[in-house]
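Trainee: Could you take me through the surroundings of the ligand? I would like a close look at that one part.

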Amino acid sequence: MTFQLSEEQLAVQQAARDFAQTELLPGVIERDTTQKFPIELQKKMGTLGFMGMMVDPKYNGGGMDTISYVVAMEEISKVDASASVMMSVNNSLVCWGLEKFGNEDQKERYLKRLATGEVIGAFCLSEPEAGSDATSQRTTAEDKGDYYLLNGTKNWITNGSSASVYLVMCQTDASKKHKGINCLIVERGQPGFVVGKKEDKMGIRGSDTHSLMFTDVKVDKKNRIGEDGFGFSFAMTTLNGGRIGIASQALGISSGAYELALAYAKERKAFGHKLSEHQAIQFKLAEMATKINAARLLVWQAASLKDQKKDFVKAAAMAKLYASQIAQEVTTEAVQIHGGYGYVKEFHVERLMRDAKITQIYEGTSEIQKMVISRELMK
Ligand SMILES: Cc1cc2nc3c(=O)[nH]c(=O)nc-3n(C[C@H](O)[C@H](O)[C@H](O)COP(=O)(O)OP(=O)(O)OC[C@H]3O[C@@H](n4cnc5c(N)ncnc54)[C@H](O)[C@@H]3O)c2cc1C
């Protein structure tokens, strides 16, 4: 067992840190305010190889391991969690799902472009009445022989308006319950497919989250992932992997807030001393650093199990549960250490505190993570 990153992993970490500091940091407050993420920045992330990091190079990916991916996610999330959720959805839900379960034709037509960031993808499971209980899919895909007729509404879809490729879960045979669900690949611009309103969110405001409407959208059967009825299994397996990405996002938000608080405590004076010389502040920083280290070990353990092709389901759920929980605590303390300055945008920690909350909600709420963990424990 080693806790050291390899030279390659360190190089990825440095590249992500450089990109985050030089390209993401300057406009991050503006993106949070305007709720817009420039296409040029998204393309740059693709050019630098952040959008298909784990994809096999034969499909234009970076061929990297999951550790490299989580290390990059941490660095990017330290600065801009809106950029990292776009990256996480594309890497671990869309590309990983397609590479693992798609056929060669689908990989040629879609994965190759997604892995370079030429286009980005969206993962569409949630609906107005199907969130944690994803089995209650109301979006239907009627079997018409050579094609499916897709009807329904998806909610909360990350990359909703910027994606070109959408993996859409839908019910084909309700009598079979979750075994009647399929995953269809839908392209932007198909007749009957409309992108709905953009959500005005508490955090990750630079990311675009939309509802999507499908009315009699014709989807060729060659765009179904896996066998008939494989969609629910596809979604759950893909989300198991995705959780490692969101755990690393929560970790990055925490470490970003901690680094800002530490630097501030070393500068700011109160009662004739630097904040960092007051033991109460030192203890806060000690607790924050300990929690972050514990979260990092859980994230790396889950990533390492995945890389070894071992069962990582429980480890990924534990990593997400814990990293998202400490992200609330650490970012709140970071604001506290900044005092009044922590409450204004200029000092970044209030944004990180707002961004942290979503990590307890998407890709399975904390309650769902506890269900996953306890199911694994009872096996
Ligand atoms: C910004 C953002 C981006 C998102 N991006 C995507 C995306 O790209 N793709 C996508 O498909 N979805 C996405 N989602 C949706 C997200 O995954 C869901 O919001 C989440 O799964 C929770 O579902 P829900 O909102 O319907 O809450 P509900 O399922 O209604 O849950 C409400 C509360 O009840 C709790 N609860 C539910 N069932 C139980 C139970 N059995 N026991 C105990 N507690 C329970 C939940 O934990 C939660 O606290 C996104 C959401 C947001 C806010």
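Mentor: Start with T365. One of its polar side-chain atoms lies 2.6 Å from an oxygen atom of the ligand. Keep in mind that this is a predicted model. S132 also points us to an oxygen atom of the ligand: a polar side-chain atom of S132 lies 2.7 Å from one. How much of the ligand's accessible area does the protein cover? On its own, the ligand has 980 Å² of accessible area, and the protein covers 64% of that.

Now widen the view. The ligand is surrounded by 19 residues. T365, S132 and S126 are among the closest, and so are W156 and E367. Sort the shell by residue type: ten are nonpolar, six are polar and three are charged.

Next, ask which elements supply this shell. At least two residues each come from β1 (121–124), β3 (147–158) and α11 (366–378). The largest share is from β3, with three residues. The space that the ligand takes is the largest pocket.

Finally, step back to the whole protein. It has eleven helices and nine strands. Its C-alpha atoms fill a box of roughly 80 × 45 × 35 Å along the principal axes. Does the radius of gyration agree or disagree with a compact globule? The protein has 379 residues, so a compact globule would have a radius of gyration near 21 Å. The protein has 21 Å, which agrees.

How values were computed
Residues numbered from 1 in each chain as written. Predicted model: local features only at pLDDT ≥ 70, side-chain atom pairs only at ≥ 80, totals over all residues. Heavy atoms only, no water. Near = heavy atom within 4 Å. Polar contact = N/O pair within 3.5 Å; in protein donor to acceptor, adjacent residues only side chain to side chain. Areas by Shrake-Rupley, 256 points an atom, 1.4 Å probe, with all protein chains shown as cover. 1 Å grid on protein atoms, 1.4 Å probe; cavity = no way out; pocket = protein on both sides within 12 Å on 5 of 7 lines; lining within 4 Å. Sits in = over half its atoms within 2 Å of the grid points. Helix = DSSP H or I, 4+ residues; strand = E, 2+ residues; numbered from the N terminus. Nonpolar A, V, L, I, M, F, W, Y, C, P; charged D, E, K, R; others polar. Rg over C-alpha atoms; globule rule 2.2 N^0.38 Å.
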